[in-house]
Amino acid sequence: MAQHIAQRPAPRPPRRVSWNDPATRALVYQALALALVGAAVWFLVHNTLHNLSLRNIATGFGFLNREAGFAIGETVIAYSPADTYGRAIFAGILNTLRVGLLALVAATILGVFIGIGRLSKNWLVNKITSVYVEVMRNVPLLLQLFFWYALITENMPGPRQAHNPLPGVFISNRGLKVPGLEGASLDWVLGGLALAIVAIIAVSHWATKRQEATGQPFRLGRVAIGLLIGFPVIGWLASGASLTLDMPALKGFNFVGGLTLTPEFVALFLGLTVYTSAFIAEVVRSGIQAVNNGQWEAAGSLGLPRRLVLRLVILPQALRVIIPPMTSQYLNLLKNSSLAVAIGYPDIVSVVNTTLNQTGQAIEGILIIMAAYLTVSLSISIFMNWYNKRIALVER
């Protein structure tokens, strides 16, 4: 019987440390680079702490628990000068998130329509949208903010002569006054609205899987309307139907009641929306043009109208090209909101500037601003990257 002897691999020769070895040189270069970075960080930290100690400036974040002593013009949460610096900074972060997220949604909707309009065969629509994009992209955002703020505060009438286009809606140099809801059921209604949005996303995902499996489309629009109406109504009834409409009214020299959108908020919202929508429009236009013309022709040969071809065939394919640059525009919008300090909107930059002027904790204040923007930006990036991977083509 033939004996099969397993051949063992020859032992590797011992590795010698030599400067001629590329791996050895790479390790040395990396170690030197890390040592230089570490030395630079140590020098900056040591030098900063030494200078602070010479000037008897305390370090640390203990000041966040001290009384702020300054007011904030508008806040999402309850705040008074008797609250701490920490709560004041938190109010500034919420103000930044409020205007940033609202402008993000508005800029996306407007940018999509403008981008589609740039590809319109209608000469007038095409030229108007082209002029819009070129003008808004080439005028600095700071100038646009000054323009909107001056337009609202200088050219709008006072409260007594305020424009009243709709019942309960007043436009003046004090801002925009609209009716508001108040009562114990408000939180339940908002919770129902949030639950309805989550349910719509879940149903949309199920409808997509169902259509892929059976080919049968699902009428999501009617279900979405029913959920958006039904869940808030259920929350309203479950909480005792305690909800009233607070209508604004003129008393003396100003309005009372209702909700107020200040001139600073409106100017910042309009500036961010209009400026960013011009860039988003170009992203959408380029994404649509990246889809092969054969897709238009093939869908048109089936008798589909152009609007359905765009919505059902072209845009789903264009999303794979649109999403990565759209992420950059979302991040730019959020970071551009820091210009709010120029028109007096109390965002995180404005609040922290007031804080560090009173406390002298400049380094800690800058670190807080950096951490806040970094956290929000990374959150947006993670979500957009997840969505980009979800819609990406999977190769077999």
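Tutor: Let's start with a term: contact means heavy atoms within 4.5 Å. With that in hand, take T355, which touches F63, F70, Y85, I89 and G360, leaving aside residues up to four places away in sequence. Before going on, know that this is a predicted model, where local features need pLDDT of at least 70 and side-chain atom pairs count only at pLDDT 80 or more, while totals for chains, interfaces and linings use all residues. Residues are numbered from 1 along each chain as its sequence is written, and side-chain values use heavy atoms, with hydrogens and water left out.

Where does T355 sit? Its place is in helix α10, residues 348-359 (helices are DSSP runs of H or I with at least four residues, strands are runs of E with at least two, and both are numbered from the N terminus). T355 has a relative accessible area of 2%, so it is buried. Buried means under 20% relative accessible area, exposed over 50%, and partly exposed in between, using a 1.4 Å probe and protein chains only.

Now look at the rings around T355. F63, F70 and Y85, which T355 touches, are linked into a cluster by ring pairs. Rings of Phe, Tyr and Trp (its six-membered ring) pair if their centres lie within 6.5 Å; planes under 30 degrees apart are stacked, over 60 edge-to-face, and the rest tilted. There are seven aromatic pairs in the whole structure. One of them joins F70 to Y85: it is tilted, with 6.2 Å centre to centre and 40° between the planes. F70 belongs to the loop between α1 (22-54) and α2 (85-117), and Y85 to helix α2, so this pair ties together parts that are 15 residues apart in sequence. F70 and Y85 are both buried.

For another pair, go to F265 and F269: the ring centres are 6.3 Å apart and the planes are at 10°, so this pair is stacked. They are four residues apart in helix α7 (residues 263-289), so about one helical turn separates them. F265 is buried at 5% relative accessible area, while F269, at 22%, counts as partly exposed.

Back to F70, since it leads us into the core. A nonpolar core is a set of buried Ala, Val, Leu, Ile, Met, Phe, Trp, Tyr and Cys residues joined through side-chain atoms within 4.5 Å. The largest one has 63 residues, and F70 is among those with the most contacts inside it, along with I72, A88, L268, I288, I314 and Y330. Elements giving two or more residues to this core include α2, α7 and α10, and α7 brings the largest share, 13 residues. A second, separate core has five residues, among them A196, I200, A224 and L227.

The structure holds five salt bridges. R98 counts as partly exposed at 25% relative accessibility, whereas E74, at 11%, counts as buried.

Next comes the bridge between E282 and R118, whose closest N and O atoms are 2.4 Å apart. It links distant parts of the chain, with E282 in helix α7 and R118 in the loop between α2 and α3 (123-138), 164 residues apart. E282 is buried at 13%, and R118 counts as buried at 18%. R118, E282 and R285 are linked in a network of salt bridges.

Last stop: R137. Its side chain meets E134 in a salt bridge of 3.8 Å, N to O, and these two are about one helical turn apart in helix α3. R137 is partly exposed at 30%. Its charged end also sits over the ring of F279, 5.9 Å from the centre (for this, NZ of Lys or CZ of Arg must be within 6 Å of the ring centre and within 35 degrees of the ring normal). R306 likewise lies over the face of W296, at 4.4 Å from the ring centre.

Note on methods: Salt bridge = Lys/Arg side-chain N within 4 Å of Asp/Glu carboxyl O.
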